Amino acid sequence: MRKRVRPTEHSDGENVSSSFRMQTKTTVCQEKKGLASKFWFWVKSGAFALCAIFIMMPILEELPEIIRQRVYYHRIRAPFVFDLSHPAELGLNHTINMYLEPEEGISLGIWHTVPDDKWKEAQGKDSAWYHRSLKDGSPVIIYLHGRTQTRAAKHRIGVINVLSSIGCHVLSMDYRGFGDSTGNPTEEDLTKDAVWLHRWAKENSGGSRVLIWGHSLGSGVKKMRSPLLFLHSEDDHLTTLRNAEQMYQAALSVQGDKRVRMVTFEGSLGYLHNGLYKDPRLPAIIKNFVVTTEEMS
């Protein structure tokens, strides 16, 4: 006769306990895997961050220079291979190159072009002759150019010839960091260079009138209270006609229409941002303004 074996009272409890232990082991294993996974995640993230910092450090160190390049483009030079100390090679045979120092350690490359009616007399002359010629009573125009290239750019030579043709001396400066001028450009230093050259011209021109021709960036580095002439092409793609009109209106509100003028050139002429020197009317417009400023002084 077979005996029935009844399960003991604690058999179900042992099964539950065994199951609990298995679940606990599984949970512990999962937690360990999770911790290990997080640990390696942070290790990898930290390593990536260190690599990123290592890579970015040279860039961060050069950031001021990168920003300067985006604003001024002073490292772009045209013509690319040209000795700025020989302007005659670009057709400016009544021009001498000189270097002036506005402060210790800074040298500014400057061309001095005499009035066109003196070009024959200027042949073969030295810097002393050019320096004396500044005191001949002719107006002196300081040419402050835009944010790229050098004083040797084609359109700048065109402007120099126009200003010389109306009987003016022209001082064409490369700001510090541009062309063969030393240093690096900043807004403060560009203004300092322009103010210094204006003072130098006043001190060395024997009382002649000193005017400023500012183009693009060069029109924004000084606060002027003297008579102003705005010249603008309607198809200028960098500085819009609306911008020019706003500046004109601002100056007009301060000085009045007797001291502020604006002349625009038809967009159909295709002068864009740099081509105003090509207009045959330009010499007469500028000469008339120069005469007007003389009457006001």
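The legends below accompany close-up views of a predicted model.

**Figure 1. Overview of the predicted chain and its elements.** The chain comprises eight helices and seven strands, and 37% of its 297 residues count as buried. Among contacts between residues at least 6 apart in sequence, 70% join residues that are at least 24 apart.

**Figure 2. The largest nonpolar core and its most connected members.** This core holds 27 residues, of which Trp 111, Leu 163, Trp 213, Leu 231, Phe 265, Leu 282 and Ile 286 touch the most other members. Two or more residues are given to the core by each of strand 3 (140–144), helix 5 (154–165), strand 5 (210–214), strand 7 (260–265) and helix 8 (282–296). Leaving out residues up to four places away in sequence, Leu 163 touches Ile 141, Cys 168, Val 170, Trp 213 and Ile 286. Another core, of 20 residues, lies apart from this one and includes Leu 108, Phe 178, Trp 196 and Val 210. In soluble globular proteins, nonpolar side chains tend to be buried together.

**Figure 3. Leu 108 and Phe 178, two members of the 20-residue core.** Leu 108 is found in strand 2, whereas Phe 178 is placed in the loop between strand 4 and helix 6. Leu 108 has a relative accessible area of 0% and is therefore buried; Phe 178, with a relative accessible area of 0%, is likewise buried. Once neighbours within four places in sequence are set aside, the contacts of Leu 108 are Met 98, Tyr 99, Leu 100, Pro 102, Met 173, Asp 174, Tyr 175, Arg 176, Ser 181 and Asp 193. The C-alpha atoms of Leu 108 and Arg 176 are separated by 6.2 Å, although these residues stand 68 residues apart along the chain. For Phe 178, the C-alpha atom is separated by 7.2 Å from that of Gln 149, which is 29 residues away along the chain.

**Figure 4. Helix 5 and the elements that cover its buried residues.** Helix 5 has 12 residues and reaches 17 Å from its first C-alpha to its last, which is close to the 16 Å expected at 1.5 Å a residue. The helix is mostly covered, with nine of its 12 residues buried; these are His 155, Arg 156, Ile 157, Gly 158, Val 159, Ile 160, Val 162, Leu 163 and Ser 164. What covers these buried residues includes strand 2 (106–113), strand 3, strand 4, strand 5 and helix 8. Just after the helix, Gly 167 takes a positive phi of about 90°.

Figure 5. Ser 172 counts as buried because its relative accessibility is 2%, against a cut-off of under 20%. With neighbours within four places in sequence left aside, Ser 172 is in contact with Gly 109, Ile 110, Trp 111, Tyr 143, Arg 151 and Ile 160. One of these contacts, Ile 160, belongs to the buried residues of helix 5, while another, Trp 111, is a member of the largest nonpolar core.

**Figure 6. The largest pocket and its lining.** About 1,400 Å³ of space lies in this pocket, which is lined by 50 residues; Ile 212, Gly 214, Ser 219, Leu 228 and Leu 229 lie nearest its centre. The elements that give two or more residues to the lining are strand 3, helix 5, helix 6 (187–204), strand 5, strand 6 (228–233), helix 7 (241–255) and helix 8. By class, the lining consists of 27 nonpolar, 16 polar and seven charged residues.

Figure 7. The C-alpha atoms of Arg 147 and Pro 185 are separated by 9.9 Å, the two residues being 38 residues apart along the chain.

Terms used: Residues numbered from 1 in each chain as written. Predicted model: local features only at pLDDT ≥ 70, side-chain atom pairs only at ≥ 80, totals over all residues. Heavy atoms only, no water. Core = buried A, V, L, I, M, F, W, Y, C linked by side-chain atoms within 4.5 Å. Buried < 20%, exposed > 50% of the residue type's maximum accessible area, 1.4 Å probe, protein only. Helix = DSSP H or I, 4+ residues; strand = E, 2+ residues; numbered from the N terminus. Contact = heavy atoms within 4.5 Å. 1 Å grid on protein atoms, 1.4 Å probe; cavity = no way out; pocket = protein on both sides within 12 Å on 5 of 7 lines; lining within 4 Å. Points joined across faces, edges and corners; volume = space filled by probe spheres on them. Nonpolar A, V, L, I, M, F, W, Y, C, P; charged D, E, K, R; others polar. Expected span 1.5 Å × (residues − 1).
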